[in-house]
Amino acid sequence: MRTTSRGLIAALALTPLLAGCFAQSDSGSDAGSDNGTGGRLRVALAVPPVQALSPYSNDATVLSKLSVAEGLTALGKDGTAVPALAKSWKQQNATTWTFELREATFQDGTEVTAESVVNALDQANAAETKPRVLSDVTLTAKADDADTVTLTTKTADPVLPLRLASPALAVLSAKAYGKDGAVSPVGTGTGAFELTKLNGKTKATLSRYDGYWGGKAKASGIDVTWIADGTARAGALRGGDVDIAEWIPTAQAKLLEADTRHEVPSVRTDSLILNTGSGLFADASLRAAAREAVDGSALVDSVFGGYADPAQGLFGPAVPWAADDRVEVTGRAEAATAAQVTSKTKGKTLRLATYTNRAELPEAATVLQQQLEKAGFTVKQDVREYTQMEADLLAGKYDALVFSRVTLLDTGDAVGYLASDYMSDGVYNIAGLKDGAVDKAVKAAGEEGDTEQRQRKIMRAEAEILRTDAVVPLVHEQVVQGIATDVEGVLLDPRERSLVDIDTHLK
């Protein structure tokens, strides 16, 4: 019987948080080499573009997964910030950092300069929907000379180099930014592969960018197909129609040949998010009743086929420091009894949402519906593709959401996730949570520069968030990636930010 993984990626510990300031990139290839002219890769991705691959949406991770665009820094294998478009950096004081740029060009032939970096960061700051990574920081950029940028934050931000590694802060050329606020990465990135064509929400074509500062990619290009249905993605891999298929549903994993199935310990946590701002769950006693009714451990085998661990909190075993620093949750509201639930919700329906892009979530929603109905709720599900419901989720049009979240996606640092998802002014606050104690705890963690103390304060903030019952953690997932046997160099990333780089190729 397959056993789940615990603590396999201690690399995600933040111990050497900023120690990589002058480290070399951890790419496995010689930056100056010509790596040949390998064939094109065929990749099936799960979540179709929401905003034409704008970095200011959830599409941003596609740009990093496929090595289309980069920021000033990147995340190394050990979770530290490593050089990308910036070759080095130095902290001048608590709020000021200076970054020295490497020689690089955009895919449209223009040079990467300090002015282009400032423009990109200014555009992110001014975006109508601010990137989640900027939800807890005020960032000002200034060009000192052609290849030196000074970044200033309103308050101390000890993990700024990690923040700048976010896919949402990718640096694109000037022509990427339209007057209407739209951002297009087509031909405007700096990565190893140039996005040459985007066909709506179904397909994209990428060509190798031979001017990439990190060296020529081994693959000549990438043909991307978005296949929202997980069974269809797995079928495309089995049928030889694609070379790489991400997020294989656990029910399909056992149908793949063993040498094409790759398990990745993930920082992904699946939770039940409750809308505290309006509707049924504005009542804290009903949120508490829902929390007591829900049993995520029932999903581990029945829905996830063992590719998950019962939830320990917001952060699971793939974040190895979390368990040691976990804080007991106190001060929760008293749960309404079944009779009280029935009385308080009489004539009202609990609107339970989830999305189809991760095949396990609709199954999980059905199990949770049964658990909630036993507690006295009347439940109606709304299940669609994520792209069709994101706006409604952020507008608070549901009572509850079965949600899968990569907790270290945005910055590699947990504070960014907590700030965007649970602070009163968080830009991804689907729970609609407004709680002063939560805001204070997250802010305290964000201002802490000492790694161990930062981790402890993160876990105190976790306890404050769980106290509100705005979120009920269910399971910590393991991701299954499907890779054909004639493909080498696919990146198995616990943060799900990387997939293809210059070394990924057909044998």
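Here are legends for a few close-up views of this predicted model.

View 1. Back at Leu72, look for the residues it touches beyond four places in sequence, including Pro83, Phe99, Val117, Leu151 and Leu164. In soluble globular proteins, nonpolar side chains tend to be buried together.

**View 2. Ala165 is tucked into a loop.** You'll find Ala165 between α3 (160-163) and β8 (193-199). Ala165 counts as buried because its relative accessible area is 8%, under the 20% cut-off. Setting aside neighbours within four places in sequence, Ala165 is in contact with Thr73, Ala74, Leu75 and Arg497.

**View 3. Phe315 and Trp321 make a tilted ring pair.** The structure holds 9 aromatic pairs. In this one, the ring centres are 6.3 Å apart and the planes meet at 40 degrees, so the pair is tilted. Phe315 is buried, at 1% relative accessible area, and Trp321 is buried too, at 7%. Ring pairs also join these two with Tyr417 and Tyr422 into a cluster.

View 4. Tyr355 belongs to strand β14 and Tyr386 to helix α11, 31 residues apart. Both are buried.

**View 5. Two arginines sit over rings.** The charged end of Arg132 is 4.4 Å from the centre of the Tyr428 ring, while Arg268 lies over the face of Trp247, 4.9 Å from the ring centre.

Conventions. Residues numbered from 1 in each chain as written. Predicted model: local features only at pLDDT ≥ 70, side-chain atom pairs only at ≥ 80, totals over all residues. Heavy atoms only, no water. Contact = heavy atoms within 4.5 Å. Helix = DSSP H or I, 4+ residues; strand = E, 2+ residues; numbered from the N terminus. Buried < 20%, exposed > 50% of the residue type's maximum accessible area, 1.4 Å probe, protein only. Phe/Tyr/Trp six-rings, centres within 6.5 Å; stacked < 30°, edge-to-face > 60°. Lys NZ or Arg CZ within 6 Å of the ring centre and 35° of its normal.
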